[in-house]
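Subject: Handing over a structure, with notes

Dear colleague,

I am passing on the structure below, together with some notes that you can read with the structure open beside you. Please take your time with each part and look for the residues as they are named.

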Amino acid sequence: MLFFKLINFSFRRNGKVYGPYLLASSMLVAINYIFAAISVNHSLHQLPSSTATTAMINISANFILLVTFAFLLYVNRFLWQQRSSELGLYSMLGMTSHNLELLTIIEKCYLFIGSIICGLVTGVIFERLAFLGLGRLLKVHSLKQPWIEPTALMRTTLYMAGFFVILMVVDLVKLHRLNPNQLWHATVKTPRRHGWLFTIMGVLGIVLLAWAYYLTLTTKPRISAFSNFMTAVVLVVIGTYLLFIAGSVIILRFLQRRKKFYYRPRHFIAVSGMLQRMEQNGASLATICLLCSAVLVALFSSISLYAGIGDSVNRYVPKDVVMITNQPLAKQQQATVKQVVRNHHVKVFDQDSYQATTPQNGYWRGKRFINQGSLEHMTNDTTSSIIFVSSRDYRQLTGKPAQLNDHQALVYSPAKQHTGDINIAGHHYQAKKMHQLSFAFNPEHSIYAPAFVIVNHLPAGMPTMNVTAFRYRLNGSDHQHMQFENDLQAQLQLTNSQVTGRYNIRYLFNSLYGGLVFAGILISLALGITTTIVIYFKQISEGYADRYRFKTMQQVGLSERETTKSIHSQVLMVFMLPITGAVINLLFAAPAIKQIMTQLSFYNLPLMVTVAVSITLALLVIYLLIYGLTTRVYHQIVNNIS
Amino acid sequence: MPLLQLNHVQRTYNANSTHPVTALKDINFTIENGEYVAIMGESGAGKSTLLNIIATLEQATGGQAILNGQDLGALTKDEAARYRREHLGFIFQHFNLLDSLSNRDNIYLPLVLAKMDPAVMERRLHPLMKRLRIEKIIDRFPSEVSGGQQQRVAIARALIAQPDLLLADEPTGALDSNTSAEILELFDDVNKNRQTILMVTHSAAAASHAKRTLFIKDGRIYHELFRGDLSMKKYQEEISDTMMTLTNGGE
């Protein structure tokens, strides 16, 4: 068959394009399959935490589908540009539009079959690995996975088939609209002239970014923190696009007007080349920048949360079990505790009990704490809570002396510190900072970071609570530990919020954040693949465009060494722009993310910094690797002049 | 001393293969300062190879090409690039202007590569702009102006470096006859200002503007015509006749 021969020839001739494309689309198919397989897994549904985990997996699965579709659309447009001259030639040689349609359909079928087969095979192989990883992250051992999930296979194939049908329709419509002459000659682009509207776009981009950064920098740990962050994300997306499309052109135009700077060999080639690139590729550079930012933010928050589970657990239960009651435990309750402890063969130690005021929620206005009382009265202003403990209890619990007069207080606050002359609920205190407080915790598990205030006398009229905490030892599985904690709560007839056990909380966090990390890594992988391909194809298309430019420059006296040098500096500049943007985005996102983490009882700043630095470095290394590989291809294209 | 001197220049492609192709067999000629010389010949006669050797884009495999005392065969690639931008000006059939640069920046390109001061560039551009009548389009882009205007810009780019030798490769090949005539008149004018020009062309009309025409066939200089006191029309007829005999083989 002639058509198949033609297609085969075209695939071989454009191997530089089709190879990476098939690789990337297969990997995306594989990731889609992995998510589909996990979301239909039975053993996962039987876990007590399955609702949270599967919800997360489902959201991620849909997101990945969206990414896959966007990727396919982008690459399809690129392939069209590459192949249009070929189709034009066929048309000149007498192929009817019907033939060309057939050719397009065969091409799409090839690509579909290729990516679905490679993708599903890879998916099936790596799904087991991924599932093992998920089990590890969730810290559960009861997960079982069949070799192949037919439902997931079907679902992935159907979605991909749907996508390819859409691509086919898009191509057929394009084919219909073009005449052979257009197909054959690539259109020459005239440099655009920009009016005041363009300048406004650029300025608007900067304003939106500044606004977004202002939002993230001023985020307080209130209820609105998350929605604040999402607003900032939207602003950053729009702002980045505007800035890359318009702002960069404005800056380059400005550089062009500075003659002493512009008319130097390096700057001359770079600035004019960049200008042309930004006119054509501002949007795709912005896309790369946002994809990198998304990878950084997703990995940063999910990994920090997961790595900080230990910290967060300590914030919820300072010992192994903590019980909050209105009065000290009655004789009968103490007997019940002893009974349950005996039944489960548990050894209890290190038990203590103290009285404190219930958490007083409110917010700081300067040095003054506006007390709103219990959680029911919280508003959008609420940022923190305060718990008073008497200095007598403090001495007893820690064994440390606390010499205070009636107007002095010791304050321990893992979130924001308030010291000096402070005013809480009508009382003035001279507050001193404490760096550590072993029994501090978040009794209500609320999003407001608690500050512990040690004073001689608890303020009159404030409701109090009694905290009893102990450690225990039990020879048995995690499950048995959890059973003991649950049994204790049931026998004491206390609510979920009154009794907190370490094993239960840790299990909850693991299943929540484990799923998050899992989704975060796979999403980053999908975004990373997409970014790589976008970069690679950009380099190829620019290579073809620059070929002619560098040829002319060599004719009028640019040496080969100078050509190589200017190619490198130019490509590097264009390359570093998005990644620099992404790192700046992460830098500004970090304070807001930190505030959101505070609400999840995570205060470990050094850990966050470590995570941020290591993922940024990892991304940089991978990015430079991609840069090196794609620049080689670019070089081959540009130097292959004659 | 002649400006350009070619002694027994040879160019063989794929010398070590079983089918070596000899583009230039034995080329000898000289060009004096201020001359205007055309080289004519059919496709495949070796015109482009010859031009490339003088342009330092290729090197001869035998013989010597000496421009202004410099043996072109002795230059390394990077030296050749520097030599090109300092001593040679180029005009191409398809103009070869960069679409990413404005016309002004296209003209400045060789000077920028030579790291010249922007103020000097502007001083040099000013008279050129007037002579070539491109003041109005100087800040537009190549894709926004006509072919004739693009070629004027290209001429300005070639002249701004004040080259020893202006090389033109089919400069009117992509232009209609009216525009061609305008461009050729510009060449006459440029030559009057003591600029040496070497032009490769197919067109007898273009060659008739030169003061001397060399005919090349099968890698050798086959014939030479001087315009002398002939009218341009008469000279053009003579050139056409010579081309005819050249094509029909033998005298």
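**Where the two chains meet**

The contact between the chains takes 23 residues from chain A and 24 residues from chain B. Please keep in mind throughout that this is a predicted model. On the side of chain A that touches chain B, the elements that give two or more residues are helix 10 (259-262), helix 11, helix 16 (502-555) and helix 17 (560-599) of chain A, and of these it is helix 11 that gives the most, with six residues. Sorted by class, that side of chain A has eight nonpolar, nine polar and six charged residues.

**The nonpolar core**

The largest nonpolar core has 234 residues, and those with the most contacts inside it are L296(A), F300(A), V453(A) and L167(B). If you select L167(B) and leave aside its neighbours within four places in sequence, you will find it in contact with L51(B), I54(B), A55(B), L88(B), G89(B), F90(B) and L198(B). As general background, nonpolar side chains in soluble globular proteins tend to be buried together.

**A strand and a helix in chain A**

Strand 6 (residues 408-412) of chain A is mostly covered, with four of its five residues buried. Strand 6 of chain A pairs in the parallel sense with strand 8 (residues 427-433) of chain A over four bridges, where Q408(A) has Q430(A) as its bridge partner. Strand 6 of chain A also pairs with strand 9 (residues 449-455) of chain A, this time in the antiparallel sense and over three bridges, and there V411(A) is partnered by V453(A), a residue already named among those with the most contacts inside the core.

Helix 1 (residues 2-13) of chain A lies largely in the open, because the number buried among its twelve residues is zero.

**Chain B as a whole**

Chain B contains eight helices and ten strands. Its radius of gyration is 18 Å, close to the 18 Å that the globule rule gives for 251 residues, so chain B is as compact as a globular protein of that length. The C-alpha atoms of chain B fill a box of roughly 50 × 45 × 35 Å along the principal axes, and 45% of its 251 residues count as buried.

With best wishes

Terms used
Residues are numbered from 1 along each chain as its sequence is written. Chains are lettered from A and ligands numbered from 1 in the order in which they are written. This is a predicted model: local features need pLDDT of at least 70, side-chain atom pairs count only at pLDDT 80 or more; totals for chains, interfaces and linings use all residues. A residue is buried if 20 or more other C-beta atoms lie within 10 Å of its own, exposed if 12 or fewer, and partly exposed in between; C-beta atoms are placed from the backbone. Two strands pair if DSSP finds at least two bridges between them. A nonpolar core is a set of buried Ala, Val, Leu, Ile, Met, Phe, Trp, Tyr and Cys residues joined through C-beta atoms within 7 Å. Two residues are in contact if their C-beta atoms, placed from the backbone, lie within 7 Å. Ala, Val, Leu, Ile, Met, Phe, Trp, Tyr, Cys and Pro count as nonpolar, Asp, Glu, Lys and Arg as charged, and the others, Gly among them, as polar. The radius of gyration is taken over C-alpha atoms; the globule rule is 2.2 Å times the number of residues to the power 0.38.
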